[in-house]
Amino acid sequence: MHRLLAASRQGRETIEVVFFHGSEQDLFLRAVQENVQHGLPLSQVERQAAARRLIQTHPHLSDRALAHSAGIAAKTVAAIRRNLGENIGTAPVRVGSDGRTRPLDAGEGRLRAAELLLRQPHISLRDIAKAAGISPATVLDVRQRIERGDAPVPEKAATARRPAVRRNREKRAAEAATPRPGPGAPYGPEVALNVLRRDPSLRNTEHGRAILRLLHLNAAASARLPDLVGAMPPHCVTAVVRLALGYAEMWTGIARRLDSLA
């Protein structure tokens with residue numbers, strides 16, 4: 001705008017331009033990037049104000065990517081994002097300054113990869129990584145973990161964001177509340193799954209590992225079911241009810257058959 005006005009005052013009839021196709025939000029992002037690199041330098045307050053607006057219009061961009069665009073530190077962007085809280089949108093993935101997409105919650109990507117590995121065991125690691133939004137190396141780690149009978153999501157990764165003191169306190173409380181069945185005592189689902197994970201007869205056979213993978217996926221999905229049920233579109237309810245009842249009958253049949261063999 002300023003260059004156009006200057007050219008007009010000079011009596012020029014043409015001006016060199018770069019055409020930009022995009023939304024008003026993307027145009028503001030480009031303008032901030034250009035002003036940071038040349039022209040009248042933006043003050044620190046102006047850069048933080050620009051970052052605040054960019055976080056609201058581009059919540060999918062990583063802190064580092066937004067920091068590079070606004071010319072401030074990534075920690076400053078992270079602090080602004082935290083202060084905005086629920087006033088900004090959320091996205092399951094973040095796009096970094098290198099253009100690569102990374103999941104905001106690595107555990108979600110690992111669970112998606114585990115599900116794909118179970119359904120399509122012969123699909124390439126790269127295809128699974130692309131579908132799950134994680135790296136091929138992470139997919140390889142997920143495959144190796146479920147082949148060993150371990151959970152797809154490492155326990156440390158699930159609790160890494162919690163403070164160490166709180167984490168230790170919760171661990172002690174969980175250990176105290178976890179039932180420790182004696183001989184002949186019934187196993188709860190979580191206890192039974194932990195016992196099966198350590199059983200060599202399952203971990204060291206192909207069929208045993210397949211059973212563990214199936215049980216892991218059911219255990220991981222059960223924790224998400226309340227949220228998924230609440231978000232179920234009304235037109236899908238009937239189909240999901242039929243599937244749920246069918247799966248329930250299948251598992252009941254399996255339980256009865258195994259019980260008769262015990």
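Visitor: Before anything else, what does contact mean here?
Guide: Contact means that heavy atoms lie within 4.5 Å. In this predicted model, 50% of the contacts in the protein chain between residues at least 6 apart in sequence join residues at least 24 apart.

Visitor: And what does the secondary structure come to?
Guide: The protein chain has 14 helices and two strands. Of its 262 residues, 23% are buried.

Visitor: Which residues of the largest nonpolar core touch the most other members?
Guide: They are I55, L66 and V77, in a core of 15 residues. Helices α2 (24–37), α3 (44–57), α4 (63–70) and α5 (74–84) each supply at least two residues of this core. There is also a second, separate core of 12 residues, with A114, L117, I134 and I146 among them.

Visitor: Let us take α5. Which of its residues are buried?
Guide: The buried residues of α5 are V77, A78, I80, R81 and L84. They line one face of the helix, because they fall within an arc of 160° when seen down the axis of α5.

Visitor: Why would residues a few places apart point the same way?
Guide: An α-helix has 3.6 residues a turn, so residues three or four places apart point the same way.

Visitor: What is on the other side of α5?
Guide: K75, R82 and N83 are exposed there. After α5 comes G85, which has a positive phi, near 55°.

Visitor: Where is G71?
Guide: G71 sits in the loop between α4 and α5. Its relative accessibility is 27%, so G71 counts as partly exposed. Leaving out residues up to four places away in sequence, G71 touches V36 and R47. From G71 to Q37 the C-alpha distance is 8.5 Å, although the two are 34 residues apart in sequence.

Visitor: And E34, which helix is that in?
Guide: E34 belongs to helix α2. With 28% relative accessibility, E34 is classed as partly exposed.

Visitor: What lies over the face of F28, then?
Guide: R53 does, at 3.7 Å from the ring centre of F28.

Visitor: Now α8. What span should it have?
Guide: Helix α8 covers residues 136–148, which is 13 residues, and at 1.5 Å a residue it should span 18 Å. The C-alpha atoms at its ends are 18 Å apart, so the two values agree.

Visitor: Which residues of α8 are buried?
Guide: V139, V142, R145 and I146 are the buried residues of α8. They cover an arc of only 125° around the axis and are therefore on the same side of α8. I146 is also one of the residues in the second core. The residue that follows α8 is G149, and its phi is positive, near 90°.

Visitor: What is L125 in contact with, leaving aside its neighbours within four places in sequence?
Guide: L125 is in contact with P136, V139, L140 and R143. V139 is among the buried residues of α8.

Visitor: And where is L125 found?
Guide: L125 is in helix α7, residues 125–132.

Conventions. Residues numbered from 1 in each chain as written. Predicted model: local features only at pLDDT ≥ 70, side-chain atom pairs only at ≥ 80, totals over all residues. Heavy atoms only, no water. Helix = DSSP H or I, 4+ residues; strand = E, 2+ residues; numbered from the N terminus. Expected span 1.5 Å × (residues − 1). Buried < 20%, exposed > 50% of the residue type's maximum accessible area, 1.4 Å probe, protein only. Arc of directions from axis to C-beta. Lys NZ or Arg CZ within 6 Å of the ring centre and 35° of its normal. Core = buried A, V, L, I, M, F, W, Y, C linked by side-chain atoms within 4.5 Å.
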